[in-house]
Amino acid sequence: MPAKTSIADETGLAPLEAARLFVSRLRKPAHILVAISGGSDSTGLLLTLNEASNGLGDQVRLSAVTVDHALRPESADEAKKVATLCAGLGVFHVSRRWDDLKPTSGLSEASRLARYRLIADVADTIGADVIVTAHTQGDQRETVAMRAARGNRGDNLGLSGMADAVLYGGRHWVMRPFLHCERQAIRDYLIEREQGWIDDPSNENHKYERVRVRQALDDTPRLFPSGRSDTRSELSARAARFIHRNSCFFLLSIIRLNAESLDEDPSVIRYALSALSGVIGGRRYPMASDTMDRVMALVAKRESGRITANRVVFDYRKDALYLMRENRNIPSLRMPPGAKIVWDERFEVSNCSDAEIVVRAFGAADTTGIPIEPSGVIPPGILKRSRLTMPVFVRENHDLAFPGSGVAVIRPLLAPYDLFLPGFDLELANVIATRLLRAAYPQPPV
């Protein structure tokens, strides 16, 4: 029976239409790695992409990967069934098993991180240009509902939902062609093709928040918003322009924002400060709304003052607002020769010497100093405090060395973006990366 390629309903695309649209927009030639569990959504994604790429020859190549989380006895057999399906389609398939010790709490998040890591490893090995996952419009509604339950304020960025593209690890674009497709439309497509799928019993297990939310939404799925991605994309772009025009970065540890620039739209200021504080504080997730309210209250007063939030000191002076890392709970780590580590979630440090070194923060008792900015650019008190949060390297003879000395090399990290960078924030992340003398993040392959 021919596939339906018209709009499935008023809320989404038919699956084959979504796949064809995705393939048409890809830069060619393209090697697509499909993440497939064997469930209806991912099976539908593989089949529609296979159909959409027919006749394109070497311009579009498909491969597939299945991650066996080793959480259920039958998962290994399910991975084999997926391998058989792929073989029948002539699609190269790889299985990866998560054999690490499973955590006693936070299993869903740990599973997610393991899944992305294993999929990215396969993408590296086979040279894939893009990874695709089968998140649907229903998944989007569930995501927004879960985030709304944690806070339904207008400034809750999570209410924008999932981005249709996310950069993983700074190198792999993960895209979601089915984000505007309904699950039932995908299953209808599979039924028309007489193609079965695997039902994961964990999708009915009430101990998982997503399952509870999904079942609560089943009766009124169209009444819940599916996300406000356009609003967030525009806000992020405005924040990027604000930072580009008004910020200065010093010592890789101080950010200065001109006081007069803080008269801009408060929603833009809030978004920009949230991003900058995550970088300075080495935090992947934005600070809580009520904490951010305190920061915005400081900015709104237009009076000298200082608060600390989320490991960041916000110091408002007459001429500028300064952001710097709080001098507290900064680690001291040993590094063998040639080692590379992440220090304080702010820097990647490589030991270039032939001896062990200790990486720690500059101490108040240290007599030598880090080269600083010209006098008068930054207030002395701020320079002094920020210096105490910078890395120094203690060699085996107890001599100190500093960044640029040749003993070790540091690379600034962007904690909010280096692991998962939603497409909403690509422009913003690249503005900050440029300020930190980092290479820009790659553009999506569309």
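Asn-310 counts as partly exposed, at 26% relative accessibility, where partly exposed lies between buried, under 20% relative accessible area, and exposed, over 50%, with a 1.4 Å probe and protein chains only. This is a predicted model, in which local features need pLDDT of at least 70 and side-chain atom pairs count only at pLDDT 80 or more, while totals for chains, interfaces and linings use all residues. Residues are numbered from 1 along each chain as its sequence is written, and side-chain values use heavy atoms, with hydrogens and water left out.

Asn-310 is found in the loop between β9 (305-309) and β10 (312-316), and its phi is near 55°, a positive value in a residue other than glycine. A positive phi in a residue other than glycine is also found at Leu-437, where the value is near 60°. Leu-437 belongs to the segment after α12 (426-435) and is exposed, its relative accessible area being 77%. Another backbone feature is the cis peptide bond that joins Lys-28 and Pro-29, with omega about -10°; Pro-29 lies in the loop between α1 (15-25) and β1 (30-35).

These elements belong to a protein with twelve helices and 19 strands, which are DSSP runs numbered from the N terminus (helices H or I, at least four residues; strands E, at least two). The protein has 446 residues, of which 51% count as buried. Its accessible surface comes to about 21,000 Å², and 51% of that surface belongs to carbon and sulfur atoms; such areas come from the Shrake-Rupley method with a 1.4 Å probe, and for residues only the protein chains shown count as cover. Among contacts (heavy atoms within 4.5 Å) between residues at least 6 apart in sequence, 68% join residues at least 24 apart.

In soluble globular proteins, nonpolar side chains tend to be buried together.

Ile-432, leaving aside its neighbours within four places in sequence, is in contact with Ile-243, Phe-249, Ala-275, Leu-276, Val-279, Leu-414 and Tyr-417. Ser-274 has its place in helix α9 and is buried, with a relative accessible area of 15%. With neighbours within four places in sequence again left aside, Ser-274 is in contact with Pro-286 and Met-292.

Where is space left between the atoms? Rolling a probe the size of a water molecule over the atoms shows where empty space is left. On a 1 Å grid over the protein atoms alone, a cavity is a set of points where a 1.4 Å probe fits but cannot get out, whereas a pocket is an open set with protein on both sides within 12 Å along at least five of seven lines, and lining residues have an atom within 4 Å of a point. Grid points are joined across faces, edges and corners, and a volume is the space filled by probe spheres set on the points.

A search of the whole structure finds one cavity of 30 Å³ or more, and the largest cavity has a volume of about 70 Å³. Its lining is formed by Phe-249, Leu-252, Val-279, Ile-280, Arg-346, Phe-347, Pro-412, Leu-413 and Leu-436. By class, eight of these lining residues are nonpolar, none is polar and one is charged, where Ala, Val, Leu, Ile, Met, Phe, Trp, Tyr, Cys and Pro count as nonpolar, Asp, Glu, Lys and Arg as charged, and the others, Gly among them, as polar.

The second largest pocket holds about 490 Å³ of space and is lined by 20 residues, of which Gly-169, Leu-413, Leu-414, Asp-418 and Leu-419 lie nearest its centre. The lining of this pocket has eleven nonpolar, three polar and six charged residues.

Leu-56, in the loop between α2 (40-52) and β2 (60-68), is partly exposed at 32% relative accessible area, and its C-alpha atom is separated by 9.9 Å from that of Val-23, 33 residues apart along the chain. Arg-387, in helix α11 (residues 380-387), is partly exposed at 25%; Arg-387 and Met-324 are 63 residues apart in sequence and 9.6 Å apart in space, C-alpha to C-alpha.
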